[in-house]
Amino acid sequence: MCGVAGIVAYSSVNQALYDALTVLQHRGQDAAGICTVDNGNFRLRKANGLVRDVFEAKHMQRLQGTVGIGHIRYPTAGTSTSAEAQPFYVNSPFGISLAHNGNLTNSKQLQDYLFNVARRHINTNSDSEILLNVLAHELSITPEMALQPQQIFDAVARTIELVQGAYAAVALVISHGMIAFRDPFGIRPLVLGKREEEGRTEYMVASENVALDAVGFKFMRDVAPGEAVYIDNDGNLHTQVCAKNPVYAPCIFEYVYFARPDSFIDKISVYQARLNMGKKLGQKIAKDWEDLDIDVVIPIPETSCDIALEIASELNLPYRQGFVKNRYIGRTFIMPGQTLRRKSVRRKLNAITSEFKGKNVLLVDDSIVRGTTSEQIIDMARESGAAKVYFASAAPEIRFPNVYGIDMPTVNELIAHGREVEEVAELIGADALIYQGIDDLIDAVREGNPSIEQFETAVFNGNYVTGDISQDYLDEITGLRNDSAKKSAESKAEISNIDLHNEAN
């Protein structure tokens, strides 16, 4: 999962982009980048690390310009090297820089198209570079140097026809302005905001509305599925739906795990959605698991805290904070290797022994992916003296890989794939394991916006909304994205980086 932001203003945007990316840091901790346009030239800084580490005062001073885009990243299709940090840029036509959240599912075919038809070379394994070059090629078809809004929308429409998968993208075009667009299913989120400064309107796009709030922009609306937004250099806003048959199907995992609780995505409060998840799950436990002798409900911080509070309320049981989180450790879910994830859990959480000793505890988490973290947390609860440890997941069983930009790539790494609930409970060491039902999860989220008829839920049921995912493709990404493949790719990338460094010196 990644985060994007873009601003067209009348004063320097570097600090606002920095602040926006900091607010979006939960969406990725692998790399960060900002690109601005200054006197007809790109100013770019990107590197591995957190926002606060990537940008020093000297970098911010160089990032001049009143138009800019930013990105924070964790790797799915590519590696975690700085060579694949975003934004990317190309010199032709005009000079275009792009940042992208999501994953393209026909990258291989697009790369062949770019080489054989567009005569463009792709230098990394990142599908974001592919998306940039597809857009650049479509813009190059227009003969005029001064692009009109309709020509830009036509180029985006052709791009959408070629590109498959999930994407929320924002791009700068030198001497023209900023373009942002969202995939035809609205899988990845994108919002539009504005700010009035001295009688003039400035515009911003971002992955979540909290980024708008942080820098003083007012939320206008979500960018619609298949819609493109173009803000020209004069500050004029132009919008058009460019996809032929757009369908609203946002990723439900945004509400379960990724988005901040203070965000609204497609008119749905993430916080309220999580409360609803807790209520639904609490009702299920009360109905189907009434024989469990639960003494206390304890969340696994932090996403599940609000969920657990509602469960405790439904069950009329005490709610306690039994784990203390070290906020200075990276999120284990997005660490590039399984070994690092295992080592990180106990550095990340510490149990309050008095809340466990002699008690039957119900631990609550937002989801169970690989099961590594769940197993270790249950061990910690038992080591702290818990008599019995029950485990509840606010999401259903994750049985299928995600192909739209979430790092759940291979079935072999998903603990629930091909297993019954009882088998998963035994593997993680739980005395009982309760999953949320998929219909309850959908109802909990849809309550905030009943007009959304479907959500992207493939990780639970294998129904990929784009309709283009074959078993051959799933087998291919299994080979590319498992931990061993990533480790090998990163080693090769590091060697390549060393070679380039040596050549430069």
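Which residues of helix 9 meet which residues of helix 10?

Reply: The model is predicted: local features need pLDDT of at least 70, side-chain atom pairs count only at pLDDT 80 or more, and totals for chains, interfaces and linings use all residues. Residues are numbered from 1 along each chain as its sequence is written, and side-chain values use heavy atoms, with hydrogens and water left out.

On the side of helix 9, the residues are Tyr 271, Arg 274, Leu 275, Met 277, Gly 278, Lys 279, Leu 281, Gly 282, Gln 283, Ile 285 and Ala 286, and they meet Asp 306, Ile 307, Glu 310, Ile 311, Glu 314 and Leu 315 of helix 10. Here contact means heavy atoms within 4.5 Å, and helices (H or I, at least four residues) and strands (E, at least two) are DSSP runs numbered from the N terminus. By class, this contact holds nine nonpolar, three polar and five charged residues. Nonpolar covers Ala, Val, Leu, Ile, Met, Phe, Trp, Tyr, Cys and Pro, charged covers Asp, Glu, Lys and Arg, and polar covers the others, Gly among them.

The axes of helix 9 (residues 270-288) and helix 10 (residues 305-315) come within 7 Å and cross at roughly 40°. Such axes are lines fitted to C-alpha atoms over the stretch in contact, with angles from 0 to 180 degrees between N-to-C directions. The two helices are therefore oblique to each other; angles under 35 degrees count as roughly parallel, over 145 as roughly antiparallel, 65 to 115 as roughly perpendicular, and the rest as oblique. Helix 9 and helix 10 form a right-handed crossing, a term for a near helix turned clockwise from the far one by less than a right angle, with anticlockwise giving left-handed.

In the loop between strand 6 (96-104) and helix 4 (107-116) lies Asn 106. Asn 106 is buried, at 7% relative accessible area, where buried means under 20%, exposed over 50% and partly exposed in between (1.4 Å probe, protein chains only). The side chain of Asn 106 reaches the backbone oxygen of Leu 162 at 2.9 Å. Leu 480, by contrast, is exposed, at 53%, and belongs to helix 16 (residues 471-481).

Definitions and conventions. Polar contact = N/O pair within 3.5 Å; in protein donor to acceptor, adjacent residues only side chain to side chain.
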